[in-house]
Amino acid sequence: MTSDASTAGPETAGAGLTSLIGEAEKLANPHGHEGETATAVNSEKNRSLYASRIKIYPKLVHGRYRLVKWIVMAITLGVYYLTPWIRWDRGPFAPDQAVLLDFPHRRFYFFWIEIWPQEVYYLTGLLILASVLLFLVTSLAGRVWCGYTCPQTVWTDLFIYIERLIEGDRSARIRLDKSSFSLSKLFRKVSKHTVWLIVAIATGGAWVFYFDDAPTLATNLLTFSADPVAYLFIAIFAAFTYVFGGLAREQVCTYMCPWPRIQGAMFDDESFLVTYKYDRGDPRGPHKKNTSWDGRGDCIDCGQCVAACPMGIDIRDGMQLECIQCALCIDACDEIMAKVDRPRGLIEYDTPANMDRRLAGEKERIHIFRPRTVIYMGVLVLVSAIMFFSLATRGAIDLNVLRDRNPLFVQLSDGSIRNGYTVKIINKVHQEQAFSIRIDGLPSAQLIQQGVSAGDSVKTAIAPDSLKDIKTFVILPRDALGSLDEGEASLRFIVENMSTGETVSNETSFRGPR
């Protein structure tokens, strides 16, 4: 048997060698020597598992989506950095920071809402709302979260903006990286990384302000008198911000984030996605001025959509896992379409169904209300209603009664039976309140507080915004043991605010001999 290599002629062998040399040159210079080549280096077809990462140099574009991204970045960063400094008066016995995760006192403050550990279900509700809202938005408009508001996207955008200010746009950055060492190159690189580190430290610093009083913590940090844990967490958050936003960039979205693997299940044929309209753009190719557009598509294969992509892919290859739907390729393409005097929108938000309708000569339609979006909207409304109702009817007292389990009961010398209970009362009011505790459901039984003489009820005062444990006993006389059913009876603890009259109750049981 003769191998293909041995039968190949000199011309075929020469072509193969030329191809290999071309591939090697392409790998060595994926962006061209001057940045003139726009290669989708992060596209799956061009991305080898066994090759080093090829750096992406996204080009600055101008247009409506770029403007939207600037606005969203300014708003989200502003909210993140400024929120810990917003004050909210809750009275003299509570912190005045509007948003605060108070771990030492086990509270979460969000403006007028104060969440106790016993009310963690509110946070569960918020997470459910956020998840369903994300599902709904993804079903309607694709990965809008990834492209505009994800922290990784926002900080990467900010770091690229800083890089562009210091090193120049795409071609200038490519030339700088390819140039040999010089003082100018060293100065630019050191300047860029210094500003990145300042942004990263500010990011980590802003995060720790959510966990302590911001003005006090800022003063302590500047005077080096803060808890070492604060410095440690600032360093950790700063390191992650610097590495993820400045160095790893698209690698985080491509390899680390699980959402691209999940979001495919949220799309359907009516979802709006950033799409290259191949029915209008193909066949593509270079176009000379003053020549006819007949028999060809509008895409002139300039590669500007690739050059603008921060993920290093080519949107013309179709929907891809790496695409974060930032829409910068739309702005880049619109600029070119305007220059060649063709209609904008060759790359645009479009649905797969509308693509098929155009090919079939049908009119385009928008279907917002589809079974999955209706379900998501219904769940959003239902969970929101439950949350609002729960918050609106939320009381200022929280009661929990724990019955002693060891021993279940104690028989006293006069034959009566005693059960022990720990009554936990939360006073959510920011002033001291007086409460009375009584029992119901077990006639003849007497409630007493440990260390206090017996009475009709137990009275106690609880400090503002705090929890108090009260050890109590319920005693059932010997002649009333007949009220027990097989040694057990239901019992209800009732706690009343003596100022407001608000009452809460908690069901428990009384145990005795069978």
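Which residue caps the N-terminal end of H10? In this predicted model, the cap is Asp-227, a side-chain oxygen of which lies 2.9 Å from the backbone nitrogen of Val-229. A polar contact is a pair of N or O atoms within 3.5 Å; within protein, one atom must be able to donate a hydrogen and the other to accept it, and residues adjacent in sequence count only if both atoms are side-chain atoms.

Residues are numbered from 1 along each chain as its sequence is written, and side-chain values use heavy atoms, with hydrogens and water left out. The model is predicted: local features need pLDDT of at least 70 and side-chain atom pairs count only at pLDDT 80 or more, whereas totals for chains, interfaces and linings use all residues.

The protein chain contains 17 helices and 14 strands; these are DSSP runs numbered from the N terminus, helices being H or I with at least four residues and strands being E with at least two. Its mean pLDDT (the predictor's confidence in each residue, from 0 to 100) is 89, and 91% of the residues reach 70 or more. Over residues 1–8 the pLDDT is below 50, and this stretch has 1 contact in the model beyond near neighbours in sequence. A contact means heavy atoms within 4.5 Å.

The radius of gyration of the protein chain is 34 Å, while a compact globule of 514 residues would have a value near 24 Å. This radius is taken over C-alpha atoms, and the globule rule is 2.2 Å times the number of residues to the power 0.38. Along the principal axes, the C-alpha atoms fill a box of roughly 115 × 60 × 60 Å. Of the 514 residues, 43% count as buried, that is, under 20% relative accessible area; exposed means over 50% and partly exposed in between (1.4 Å probe, protein chains only). Among contacts with a separation of 6 or more, 69% are accounted for by residues 24 or more positions apart.

Helix H10 covers residues 228–248, and its 21 residues should span 30 Å at 1.5 Å a residue; the end C-alpha atoms are 28 Å apart, which agrees. The expected span is 1.5 Å times one less than the number of residues. Buried residues of H10 include Ala-230, Ile-234, Tyr-242 and Gly-245. The buried residues of this helix pack against helices H6 (151–167), H8 (183–208), H9 (214–222) and H11 (250–256). Ile-236, also in H10, is partly exposed because its relative accessible area is 34%. H10 is followed by Arg-249, whose phi is positive, near 45°.

Positive phi also occurs in Phe-224, near 55°, in the loop between H9 and H10. Phe-224 counts as exposed because its relative accessible area is 70%. In Asn-290, phi is near 70°; this residue lies in the loop between H13 and H14 and is exposed at 76% relative accessibility. The loop between helix H13 (278–281) and helix H14 (304–308) also holds Pro-283, which is joined to Asp-282 by a cis peptide bond with omega about -5°. A cis peptide bond with omega about 5° joins Asn-406 and Pro-407, and Pro-407 lies in the loop between strands E6 (397–403) and E7 (410–411).

Asn-354 belongs to helix H16 (residues 352–359). This residue is buried, with a relative accessible area of 2%, and touches Glu-364 and Arg-365, not counting residues up to four places away in sequence.
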